[in-house]
Amino acid sequence: MQVSDTPLNPVGNTPRMSRLGLHGLDYPIPARANSLDFMLGALTLATLTVLAVTGIVLTQYYNPSPLEAHASIRYLITTVPLASLVRDLHIWSASAAFVLVGAHLAAVFWRRGFREPREGLWWSGVFLLALLFALGFTGTVLRGDQEAVEALAHATAGAAMAGPLGIPLTEAFTPSSPLLTRLYGAHVSILPLALVFILALHLWLIRHLGVSAQGSARTLFRSHLRLVGGLSLMLVAGLLAVSLGAPRELLAQGTPGFEVTKPYWPFLWIYAAENLLGMNGMLVAPAVLFGFLALVPITDRRSERLARFTKAAGVIILLLILSAMLYAALAPAQTHLGM
Amino acid sequence: MPAVTHRTMPFILALLVLSMGPTALAGRMPHPEGTLTLADRRLVAGREIVIGGEKFGRGGQLILELVSLNGRVRLGTVTTDSSGGFHRAFDVPADLAAGSYRLVAIAGDGDEVASLRIEVLAATSSTPPAGAHEDTDAHAADHAHAPADSGLDHGTEPTGEPLDLDRARSPLITGSLLALIGLLVVGGVFLLRKPHTL
């Protein structure tokens with residue numbers, strides 16, 4: 001799609017808006033982009049913004065020392081009303097981000113939005129998904145409760161299996177700083193910086209290449225932005241309401257050497273793979289998913305037959321992941337370490 | 001006073017070099033840096049720990065201290081054996097605050113020659129941060145568990161059950177948030193008007 005940068009002169013474009021530079025938002029985009037399935041990425045961005053703001057607040061109360069982490073969270077839950085709500089909002093926003101990004105991925109895959117010339121857009125999105133999982137994992141571990149201790153034990157066991165690539169995830173990487181403290185550093189600086197960088201690339205590619213919506217009807221980007229803004233406000237209102245009504249729990253301080261919990265729900269499909277394949281499942285399942293996602297733009301363009309196969313494989317993988325999550329949620333907790 | 005000539009200058013330079021030599025050598029050859037070993041890096045205040053060391057200078061005296069942001073606590077001194085090692089029990093002070101510390105070995109001239117990161121646990125379960133509600137902390141402490149290898153009496157094994165915490169709530173903040181939710185909904189509805197189509 002060709003994107004015209006020439007500002008139009010739509011209704012409502014006032015001189016004040018021109019002075020503020022807002023007329024630059026008045027470029028045409030396909031009207032189809034105003035449907036919900038084309039706004040999932042923008043809504044994910046809204047949840048990421050909430051996560052960033054709430055995360056900044058939480059850093060004022062959180063102590064990343066292994067022995068103080070759990071106590072500091074307990075402190076903010078029981079003593080600081082606003083911080084307690086901010087924590088709930090942070091966790092609910094993370095869950096919303098996973099749901100929205102999953103739906104966004106499925107929608108783009110279904111409409112084959114990864115096809116030429118948007119391969120880079122797809123790959124940057126896959127990278128963002130991986131970063132979101134990394135942020136989800138590090139965020140879980142920071143709590144220092146039983147679920148966090150078990151998640152960390154799984155990660156270090158996986159890191160040991162990954163060889164040299166896993167060294168940063170082990171205590172042996174450096175004796176000068178605890179692994180939890182380093183993961184906190186990753187959660188609040190390394191991963192968000194990487195996310196912002198890749199997100200900027202993702203957004204720039206969308207601006208440069210346009211969305212993959214079909215149809216000749218056009219609307220203004222400013223109009224689209226208004227709809228996205230409205231939905232984002234409703235989304236934040238919903239997240240706030242859920243945070244008020246269903247605050248997130250905290251388990252007891254973690255005891256190493258026990259496996260009695262299940263992971264944060266976006267990781268349940270990996271947990272299910274561990275139930276079936278042992279510790280190898282922790283590496284195999286993500287490798288299969290992200291390997292497939294990385295290959296999608298390549299296999300799809302080889303032939304029409306391969307394109308159909310790619311689409312079918314994607315649907316099967318999605319159904320497998322959803323089934324695995326359901327199975328892991330219903331099955332009793334199992335031990336995996338040492339399997 | 002004789003003038004410094006081009007003949008005396010080389011001697012002066014040679015003297016300077018010779019006098020600075022030992023200092024430079026000392027800078028290049030610090031104390032042998034040894035290694036400290038502990039059976040468990042989580043210590044419990046009031047309990048005894050056994051600290052081992054190796055690869056230090058032979059027959060030297062070392063001071064062992066616990067260092068934190070709040071200051072330094074001396075555990076005691078040891079004298080290394082003929083192989084530069086030692087193995088000795090120390091008492092962790094009972095009033096030592098829980099938290100992160102560095103166990104450091106200091107040579108006779110004050111140089112730090114080994115360091116190990118450790119955690120100190122309070123004598124009874126985990127310690128909540130200062131400023132927490134007393135009643136809530138007591139309640140939470142009932143549910144909290146000390147690490148399995150800390151040597152503490154754990155009570156029960158860990159479970160996946162959430163803590164029953166008394167959440168801090170403020171009517172002002174809750175009311176403000178409800179108002180904010182209302183505003184966001186109104187703002188959202190306002191923005192969700194039918195878009196222009198070209």
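**The sheets of chain B**

Guide: Let's start with one pair of residues: B:Leu43 has B:Val120 as its bridge partner in E8(B). This is a predicted model, in which local features need pLDDT of at least 70, side-chain atom pairs count only at pLDDT 80 or more, and totals for chains, interfaces and linings use all residues. Residues are numbered from 1 along each chain as its sequence is written, while chains are lettered from A and ligands numbered from 1 in the order in which they are written.

E2(B) and E8(B) run parallel and are joined by 3 bridges (two strands pair if DSSP finds at least two bridges between them). In general, strands of a sheet pair through backbone hydrogen bonds, either parallel or antiparallel.

Now step back to the whole sheet. Five strands of chain B make up this open sheet, in the order E2-E8-E7-E4-E5, and their pairing is mixed. At its edges stand strand E2 (42-44) and E5 of chain B; each has a single partner strand, so one side of each has no neighbour in the sheet. From one strand to the next, the twist averages 35 degrees (axes are lines fitted to C-alpha atoms, for helices over the stretch in contact, and angles run from 0 to 180 degrees between N-to-C directions).

Walk across the sheet from E8(B) and you come to E7(B). These two strands pair in the antiparallel sense over 8 bridges, and B:Ile106 stands opposite B:Glu112 in E8(B). E7(B) and E8(B) form a hairpin with 5 residues between the strands, where B:Gly110 takes a positive phi near 95 degrees.

Next comes E4(B), which runs antiparallel to E7(B) and is joined to it by 5 bridges. For B:Val67, the bridge partner in E7(B) is B:Arg102.

The walk ends at E5(B). Strand E4 (residues 61-68) of chain B and strand E5 (residues 71-79) of chain B are antiparallel partners over 8 bridges. In E5(B), B:Gly71 is the bridge partner of B:Ser68.

There is another sheet to visit in chain B. This open sheet has 3 strands in the order E1-E3-E6, with antiparallel pairing. Strand E1 (35-38) and strand E6 (86-91) of chain B are at its edges with a single partner strand each, so one side of each is left without a neighbour in the sheet. Direction ignored, neighbouring strands of this sheet are turned by 30 degrees against each other on average. E1(B) pairs with strand E3 (residues 48-54) of chain B in the antiparallel sense over 4 bridges, and in E3(B) the bridge partner of B:Leu36 is B:Gly53.

Read from the N terminus on, the elements of chain B run α-β-β-β-β-β-β-β-β-α-α. Of the contacts in chain B with a separation of 6 or more, 58% are between residues 24 or more positions apart (a contact means that the C-beta atoms, placed from the backbone, lie within 7 Å). Chain B has 198 residues, and 21% of them are buried (20 or more other C-beta atoms within 10 Å of a residue's own, with C-beta atoms placed from the backbone; 12 or fewer is exposed, and in between is partly exposed).

Finally, look at where chain B meets chain A. The contact takes 48 residues from chain B and 58 residues from chain A. On the chain B side, the elements giving two or more residues are strand E7 (99-106), strand E8 (112-121), helix H2 (134-143) and helix H3 (171-191). H3(B) gives the largest share of that side, 10 residues. By type, this side of chain B divides into 25 nonpolar, 17 polar and 6 charged residues (Ala, Val, Leu, Ile, Met, Phe, Trp, Tyr, Cys and Pro count as nonpolar, Asp, Glu, Lys and Arg as charged, and the others, Gly among them, as polar).

Note on methods:
Two residues are in contact if their C-beta atoms, placed from the backbone, lie within 7 Å.
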